[in-house]
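Hello,

Here is the structure I promised to pass on to you. Have a look at it first, and then read my notes below.

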Amino acid sequence: MKTTTLLEVSKVNIHYGTNCVLEDIDFIAPAHTITAIIGPSGCGKSTLLRSFNRTNELITKTRRTGDILLEGREINDYDPLDLRARVGMIFQKPAVLPTTIYENVAVGPRLYGTRKKSELDEIVEESLTGASLWKELKDRLHKRAEQLSGGQKQRLAIARTLALKPEIILFDEATASLDPISTQKIEDLMHRLKETTTIIIATHNMKQAARASDNTLFLMAEEGEPSRVVEFGPTELIFTNPKVEKTELYITGRFG
Amino acid sequence: MTSVMRKIVDRMMFALFIFIAAVVTAFLVYFIFYIVSRGYTAFSWTFLSTAPHGIKMEGGVLPMIVSSVYLTLLTLLIAVPLGVGGGIYLAEYAGKGRIVESIRFAIDLLSSVPSIVFGLFGLVLFVQVMGLKYSMLAGALTLTLMVLPIILKISEESFRAVPDAYREASLALGATKEQTIFRVVLPTAIAGILTGAILAAGRAFGETAAVLYTAGMAPLAPVSPLEGGRTLSVHLYLLATTGHLEEAYRVAVVLLVIILLFNLASNWIMNRYRRKFVSEAI
């Protein structure tokens, strides 16, 4: 397993209008690891995550200073569309497009100009296999995707992202609306996906962070101030032997 | 108020609402029954498949059906792209602001202009100034102005009903806004857009005043869009105002049946569409 740094975040501040929500964020995500971003609701986990593939700038007017480097290169220097293909994103509410299972996966490659049926078939099979869905769904590829269960929908969203062969996949509270068994499946999946990608998750579920991640970034804000990094380090250390008292209080559920 | 009084008032109000509902229903049933009973002979193949002849316009209504369908389709051909395009702009591109608000105000205003005013406007602009004469094209352009607000409003609302999650998912894959709109938002909103188009078609099909002075009254089936024609509703109007009431009732029956079909189609699409969104919310 390589230990090169894939994503490097340094001195990042993010503002909504004139309001600073995240300040001085530093951390690195080594290739083939899972990094969990934890912290209380509203601490900017999603905002930070979304800034990694620049989907923030599409929906709300956020402004960022500091560096976010993907393979050593500032992400603002990438074409945003290419960046989003390389840095995929899974949302809390499984976003299944109102079409067939097949089309849900093929939509990405189609956007980038893959037209040949044989190529698309191959990508769809590969991606569904990658998302542990192929066995379940291979006989109903052309059925509508809305009928899938919540967990299947979320894995379908993962397959759709995999179809673009991303280097990083961001999971934004991706299991928050799923039952424990579906959650378990997604966590197993993340673990397998580590072999080919690098994963960053935002979660308010501390048990998930403890179970699934290699490194943990704990964000928190003081009353009326922007969120800062409280602690960043190997998950094991953060959860067993935190250096900062606030971390300990938070992970043991005594506040936040 | 005592509890007895409250119960009595409650019962009375219940009875009152039943009575109102019954009156409305009875009126509708009587209305339809009356028209059908006087015009049921319209349900005959000869009537539907032949042209009128003679000074009293005996015979069939085939050219009128052709004119009405022609005019409706031509209207949709012009109005749907314009309306959907405007809906896309309002829902996906326009932010908030004075200009957008004034566009919306103009659309609302347009939808409450009496149709005779559209007819008059069409007569001056399309028939006379643009020299289209009494033609299907002049009629369709006039009707386009009239049905545009319906299509625009309904398609804007259908676009807004598309969950943002779809847009996010698409944008997060690296789709451009244009790709997101055409490949994700538009296919999702298509049922709503179709509903709008069918309502507009119903409006256009039944319109009289806006068509009378723009598409003309010639009782012939038009071929080219530059030829005029007489729609069913104009035919009905002319028959009724010249005292051919029996003929008029038969035309009314044909009109009612076709408009009923339009409504059934739009209900059917709307139900499918709603069920889909409900199943998604679960």
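**What I found**

A:Glu187 has 6% relative accessibility and therefore counts as buried (buried is under 20% relative accessible area, exposed over 50%, and partly exposed in between, with a 1.4 Å probe and protein chains only). Its side chain meets that of A:Arg211 in a salt bridge, 2.7 Å from N to O; a salt bridge here is a side-chain nitrogen of Lys or Arg within 4 Å of a carboxyl oxygen of Asp or Glu. The pair links distant parts of the chain, with A:Glu187 in helix α8 (residues 180–193) of chain A and A:Arg211 in helix α9 (residues 206–212) of chain A, 24 residues apart. Helices (H or I, at least four residues) and strands (E, at least two) are DSSP runs, numbered from the N terminus. A:Arg211, at 48% relative accessibility, counts as partly exposed.

Before going on, a word on the ground rules. This is a predicted model, in which local features need pLDDT of at least 70 and side-chain atom pairs count only at pLDDT 80 or more, while totals for chains, interfaces and linings use all residues. Residues are numbered from 1 along each chain as its sequence is written, chains are lettered from A and ligands numbered from 1 in the order in which they are written, and side-chain values use heavy atoms, with hydrogens and water left out.

Over all chains, the count comes to 23 salt bridges. One of them joins the side chains of A:Arg155 and A:Glu136, at 2.9 Å from N to O. Here too distant parts of the chain are linked: A:Arg155 is in helix α7 (residues 150–162) of chain A and A:Glu136 in helix α6 (residues 134–137) of chain A, 19 residues apart. A:Arg155 is buried at 5% relative accessibility, whereas A:Glu136 is partly exposed at 35%.

In chain B, B:Asp164 forms a salt bridge with B:Arg167, and the closest N and O atoms are 2.9 Å apart. These two are three residues apart in helix α7 of chain B, so about one helical turn separates them. B:Asp164 is exposed at 53% relative accessibility, and B:Arg167 is buried at 13%. A network of salt bridges also links B:Glu101, B:Arg104, B:Glu156 and B:Arg160.

**Where the chains meet**

How many residues of each chain are in contact? The answer is 16 residues of chain B with 26 residues of chain A, where contact means heavy atoms within 4.5 Å. The two chains bury about 1,800 Å² between them, 66% of it on carbon and sulfur atoms; buried area is the accessible area (1.4 Å probe) that two parts lose on being put together, summed over both. On the chain B side, B:Glu168, B:Ala172 and B:Leu173 lose the most area to chain A, together 33% of what that side buries.

Between chain B and chain A the count is one salt bridge. A:Arg50 and B:Glu168 meet in a salt bridge through their side chains, at 3.2 Å from N to O. The largest share of the side of chain B that touches chain A, six residues, comes from α7(B).

**Chain B as a whole**

Chain B has 11 helices and two strands. Of its 282 residues, 44% count as buried.

Enjoy exploring!
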